[in-house]
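Subject: Structure handover

Hello,

Here is the structure for your work. Please open it first, then read the notes below it.

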Amino acid sequence: MKTQVNIIAVVDVIGALSVKTLLDGNLCMVDDSAFDSTHQGTADLVTVVKPGQVVSWTALALDLQTPVEIKNISFAPSNGHNGATASGPATSRPGTTNGEARGQDESDGDKLDLDVWTGVVPHWMTPGVPYQYRLELQMYEGSNSVMSIESPALMCQ
């Protein structure tokens, strides 16, 4: 088993900003999971993982002159895992008490100089159940520069 799964979100920033959505082909997600992930190349990627694996997310812009960065990744609460872990049922970073995925080098304020976000798949995930997460992306600057989707998921094998 690979100890890490990499998820890449490729964003057509110009397209997304033009139509104000990450859907309609403006977001393509792929992973390198050793298992049979589904919906590769779409915004509905379901990445198959194992408990204890590290998951790493990276955002790339199709147009290299318009930056895109991950602003946040959060998971919906899950039965039996509320409270401190309510916002992050699917991943947790070693050494933290909640399960939200966080950027590797958190800095103060709204600096978005994070290229890679990582988390660890918790052992309590139910096999075969997709845990959807919210992926927020920031593209350039401005009032409409942050967009999100809630369709990708992690699923334990």
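Which residues do ring pairs link into a cluster? They are Trp 57, Phe 75 and Tyr 133. More on them below, after the ground rules.

This is a predicted model, so to speak of local features a pLDDT of at least 70 is needed, side-chain atom pairs count only at pLDDT 80 or more, and totals for chains, interfaces and linings use all residues. Residues are numbered from 1 along each chain as its sequence is written, and side-chain values use heavy atoms, with hydrogens and water left out.

Confidence

pLDDT is the predictor's confidence in each residue, from 0 to 100. Its mean over the protein is 81. Of the residues, 76% reach 70 or more. Among the elements, strand β2 (residues 27-31) has the highest mean, 98. Strand β6 (residues 102-103) has the lowest, 52. Two stretches need care. Residues 82-99 have pLDDT below 50, and this stretch has 49 contacts in the model beyond near neighbours in sequence. Residues 104-112 are also below 50, with 11 such contacts. A contact here means heavy atoms within 4.5 Å.

Overall fold

The protein has 1 helix and 10 strands. Along the sequence the pattern reads β-α-β-β-β-β-β-β-β-β-β. These elements are DSSP runs: helices are H or I with at least four residues, strands are E with at least two, and numbering starts from the N terminus. Take the contacts with a separation of 6 or more: 62% of them are between residues 24 or more positions apart.

Buried residues make up 45% of the 157 residues. Buried means under 20% relative accessible area, exposed over 50%, and partly exposed in between (1.4 Å probe, protein chains only). The protein exposes about 7900 Å². Carbon and sulfur atoms supply 50% of that area. Areas come from the Shrake-Rupley method with a 1.4 Å probe; for residues, only the protein chains shown count as cover.

The aromatic cluster

The structure holds 3 aromatic pairs. Rings of Phe, Tyr and Trp (its six-membered ring) pair if their centres lie within 6.5 Å; planes under 30 degrees apart are stacked, over 60 edge-to-face, and the rest tilted.

Trp 57 and Tyr 133 have ring centres 5.5 Å apart and planes at 75°, so this pair is edge-to-face. Trp 57 sits in strand β4 (residues 54-61) and Tyr 133 in strand β8 (residues 130-139), 76 residues apart. Trp 57 is buried at 1% relative accessible area. Tyr 133 is buried too, at 1%.

Phe 75 and Tyr 133 form a tilted pair, 5.3 Å centre to centre with 50° between the planes. Phe 75 lies in strand β5 (residues 68-75) and Tyr 133 in strand β8, so the pair ties together parts 58 residues apart in sequence. Both Phe 75 and Tyr 133 are buried.

Cysteines and Leu 154

How many disulfides does the structure hold? The count is 0. The cut-off is a pair of cysteine sulfur atoms within 2.5 Å. Cys 28 is partly exposed, at 28% relative accessibility. Cys 156 is buried, at 2%.

Leu 154 belongs to strand β10 (residues 153-156). Leu 154 is buried, with 0% relative accessible area.

Best wishes
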